[in-house]
Amino acid sequence: MIYLDYHATTPVDSRVAELILHYMTVAFGNASSTDHKYGDEAEEAVSKSATHVAKLVGASPQEVIFTSGATEGINLAIQGSLSFDPTNRNLDRIAVLPIEHKAVLDTCHFIAKKGIAQVINLQLDSKGRLNLDDLEKVCQSGISLLCVMAANNEIGNIYSIKEVGKIAQKYEIPFLCDAAQAVGKIPIKFEEWGITYLSISAHKLYGPKGTGALIIRKGYHLQPIFFGGGHQKGIRSGTLNVPGIVGLGEACRLRQLEMEADEKAIAAKRDKLQSLLINKIPGLIVNGDTTARLAGNLHISIPDIPNSAVIARVRSKLAISTGAACSSGVETPSHVLQALGLPDNIIDGALRIGLGKFTTEREIDRAAEIISNAASQIRQAMYLEV
Ligand code: PLP
């Protein structure tokens, strides 16, 4: 079985897993119960993790709030920054990329439905590239929050967060950057690029599931979205998930050391797979912005061949997907590909392939063979039916 679904999740690095086990079984203290050594040890581990996370994204450790993942961090940033005008005269206006993750879109649509905020879609072209002039106009018109992801989880596009941050700062607009797919794969400079809130997820960077962080810029305050013991400055109550936090911290520390070399090698394998597939499958299309995409991303369409038919043929040998993990299994076309205005036969034939640091050359050769064989068998069957 070949795993090529690294956008959905990644295997935990064994060095990270070892440390997690230690903080589950030996150093298992509660980081807020510091009347003894167990608590002190846990508290120290949490603060060390904050340092590793902050270092990887160019923030300061005091700005790190640990969460259960990017979804929670995004909810906290969006819901926690609402101004809630009781007169309802000054609606919050939130500008988003229409291809943001559902964690952003569904949170915005939920509050819009409640009549608390209005959602404005930013303009993209058919490759998912952001129109910076439109972005500037929208910012100039006055918005309360800007949401632009660092990298997309389907087509893999990387957005110029430095440029977006410049515009957000010019108009003094709080800027949420969902960096779940980007952190540990491309450089992120929180402080320097003027990001206000940055969401991170550990399981996308060889860390454990159910843990992540929201980086909140100094001087910005968020209302908590749930209440309890007042942990983490009262912004995010709840006993700290020390093993998860340690796992996130260690994963970030390792990415800092290994990201550059790993991503270079991953990009070379992705490029090889792309050429093999283009050569073997007539009519194959590569979606997204191929000049600025994640090293491990290869998003293709085989026009007129339904992706479900390909998946059905390859699934016992190869793990690839038809779209985002949270949405696959739901029989609706990808909101990302729809927002790009792609024709139905391209959307129906779309496949997301995600490579990671454990992907081997042999797996690439084999995957190309499996996918192209499936495509030609399906084409043949369709031809015979006609
Ligand atoms: N944002 C993006 C771009 C993602 O790819 C994901 C995960 O699929 C999320 C947010 C949600 O992250 P988590 O699984 O940590 O809640």
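Biologist: Which residue forms a salt bridge with Asp262?

Modeller: Happy to start there, with a note that this is a predicted model, where local features need pLDDT of at least 70, side-chain atom pairs count only at pLDDT 80 or more, and totals for chains, interfaces and linings use all residues. Residues are numbered from 1 along each chain as its sequence is written, and side-chain values use heavy atoms, with hydrogens and water left out. A salt bridge here is a side-chain nitrogen of Lys or Arg within 4 Å of a carboxyl oxygen of Asp or Glu. With the closest N and O atoms 2.5 Å apart, the partner of Asp262 is Arg255.

Biologist: Nice! Which residues of domain 1 lose the most area to domain 2?

Modeller: Buried area is the accessible area (1.4 Å probe) that two parts lose on being put together, summed over both. The two domains bury about 2,600 Å² between them, 55% of it on carbon and sulfur atoms. Together accounting for 26% of what the domain 1 side buries, the residues that lose the most are Met259, Leu294 and His335.

Biologist: And the ligand: how far is a polar side-chain atom of Ser201 from an oxygen atom of the ligand?

Modeller: The ligand is surrounded by 13 residues (a heavy atom within 4 Å), and the closest are Thr71, Asp178, Gln181, Ser201 and Lys204. A polar side-chain atom of Gln181 lies 2.8 Å from a ligand oxygen atom, while an N or O atom in the His203 side chain is 2.9 Å from an oxygen atom of the ligand. For Ser201, the distance is 2.7 Å.

Conventions. Polar contact = N/O pair within 3.5 Å; in protein donor to acceptor, adjacent residues only side chain to side chain.
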